Amino acid sequence: MSSGSTLHLVLVTAPDADAGRKLAGAILEARAAACVNIVPGLESHYWWQGKIDQSSEVLLLIKTTKPKLKALEKVIRENHPYETPEFVAIPASLVAKKYLAWVCDSVQPA
């Protein structure tokens, strides 16, 4: 593992579980992440087109490495149904060595 292999947790919302599953499949097929958790039951409140809006969504918690962030963002942009999909990457300050090794191994080409 190189020092550039820092684990990142990426947050992405989707309109429903079906869209979340489609995104998860595209992300994993591209080896842009090691794992995608789909968390249902999210209620989002936000500014959109000059007014406050709200909707039901699912949250994708995506685990990847720093070198894979650009590829992951590209997969999200190409496959997401939203005009402006959320893409927030948070670097992990502490990760179990075995877990990080698994993530790094999982994002390598087969």
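Start by selecting Asp-18 and Arg-21: both belong to helix H1, three residues apart, about one turn of the helix. The model on screen is predicted.

Asp-18 and Arg-21 are joined by a salt bridge, 3.1 Å from N to O.

Now select the whole of H1, residues 17–29, together with helix H2, residues 69–79. The two helices pack at an angle of about 140°, and their axes are 10 Å apart. That angle makes H1 oblique to H2, since only angles over 145 degrees count as roughly antiparallel. The crossing of H1 and H2 is right-handed.

Which residues make the contact? On the H1 side, select Lys-22, Leu-23, Ala-26 and Ile-27. On the H2 side, select Leu-72, Val-75, Ile-76 and Asn-79. Coloured by class, the residues of this contact divide into six nonpolar, one polar and one charged.

Stay on H2 and select Lys-74 and Glu-78, which lie four residues apart in this helix, about one turn. Their side chains form a salt bridge, with the closest N and O atoms 3.2 Å apart. How exposed are the two partners? Lys-74 is partly exposed, with a relative accessible area of 43%. Glu-78, at 54%, is exposed, because the cut-off for exposed is over 50%.

To finish, display both pairs, Asp-18 with Arg-21 and Lys-74 with Glu-78. The count of salt bridges comes to two.

Note on methods
Residues are numbered from 1 along each chain as its sequence is written. This is a predicted model: local features need pLDDT of at least 70, side-chain atom pairs count only at pLDDT 80 or more; totals for chains, interfaces and linings use all residues. Side-chain values use heavy atoms; hydrogens and water are left out. Axes are lines fitted to C-alpha atoms, for helices over the stretch in contact, and angles run from 0 to 180 degrees between N-to-C directions. Angles under 35 degrees count as roughly parallel, over 145 as roughly antiparallel, 65 to 115 as roughly perpendicular and the rest as oblique. A crossing is left-handed if the near helix is turned anticlockwise from the far one by less than a right angle, and right-handed if clockwise. Contact means heavy atoms within 4.5 Å. Ala, Val, Leu, Ile, Met, Phe, Trp, Tyr, Cys and Pro count as nonpolar, Asp, Glu, Lys and Arg as charged, and the others, Gly among them, as polar. A salt bridge is a side-chain nitrogen of Lys or Arg within 4 Å of a carboxyl oxygen of Asp or Glu. Buried means under 20% relative accessible area, exposed over 50%, partly exposed in between (1.4 Å probe, protein chains only).
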